[in-house]
Amino acid sequence: MTTKQEKARRMEIRKKVGNRVIEPPVHRERDRGGDLDAHACFSCRVSFKIALREGIAPCPNCRRPLAPMGRSFKAPKKSNIMQWKKVEKLWQADFRFHTYGTHDAPFPKRWQDVDKFIRDNRGPRWVHKMYQDR
């Protein structure tokens, strides 16, 4: 196995010979999903990241309107029906899952605690993170 010093020595030789050209990195503008937003279908219990558009996008499975959830939404497992009920109840109460905003209270972990959470957190509905059992 070569040592770090040996590797550095070999790289210097390659630079002098010319088969080791070091160019500065090129920074390109990359599309990081710029306008993609999570949307959920509560009847199918699925989530999709789709571009924001005018109007409401239909679910590809059942053709019902998708619910815009926000960029930070992480869908529960399809088999976890209680977590989907919890997410739907929060959505119906106008809570969205955005990475920005003024609301820092964590979401309730259990479906039974949602009503108390909604009562206690009147006001801004923008939430920093979604905490849920997966």
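Visitor: Are F73 and W84 buried or exposed?

Guide: Keep in mind that this is a predicted model. Both F73 and W84 are buried.

Visitor: Why is the pair of F73 and W84 called edge-to-face?

Guide: Ring centres have to lie within 6.5 Å to pair, and planes over 60 degrees apart count as edge-to-face. For F73 and W84 the centres are 6.4 Å apart and the planes sit at 65°, so edge-to-face it is.

Visitor: What makes this a link between distant parts of the chain?

Guide: F73 sits in the loop between β3 and α2, while W84 belongs to helix α2, and 11 residues separate them. By the pairing rule there are 8 aromatic pairs in the count. Ring pairs join F73 and W84 with F42, W91, F95, F97, F107 and F117 in a cluster.

Visitor: Which residues have the most contacts inside the largest nonpolar core?

Guide: F42, M69, F73, L90, F95 and I118, in a core of 16 residues. At least two residues of this core come from each of β1 (36-41), β3 (67-70), α2 (81-92) and α3 (114-120). Another core, of 7 residues, lies apart from it and includes C44, V46, C59 and L66.

Visitor: What lies 3.0 Å from a polar atom of the Q83 side chain?

Guide: The backbone oxygen of K109. The cut-off for a polar contact is 3.5 Å, and the K109 oxygen lies 3.0 Å from that side-chain atom of Q83.

Methods:
Residues are numbered from 1 along each chain as its sequence is written. This is a predicted model: local features need pLDDT of at least 70, side-chain atom pairs count only at pLDDT 80 or more; totals for chains, interfaces and linings use all residues. Side-chain values use heavy atoms; hydrogens and water are left out. A nonpolar core is a set of buried Ala, Val, Leu, Ile, Met, Phe, Trp, Tyr and Cys residues joined through side-chain atoms within 4.5 Å. Buried means under 20% relative accessible area, exposed over 50%, partly exposed in between (1.4 Å probe, protein chains only). Helices (H or I, at least four residues) and strands (E, at least two) are DSSP runs, numbered from the N terminus. Rings of Phe, Tyr and Trp (its six-membered ring) pair if their centres lie within 6.5 Å; planes under 30 degrees apart count as stacked, over 60 as edge-to-face and the rest as tilted. A polar contact is a pair of N or O atoms within 3.5 Å; within protein, one must be able to donate a hydrogen and the other to accept it, and residues adjacent in sequence count only if both atoms are side-chain atoms.
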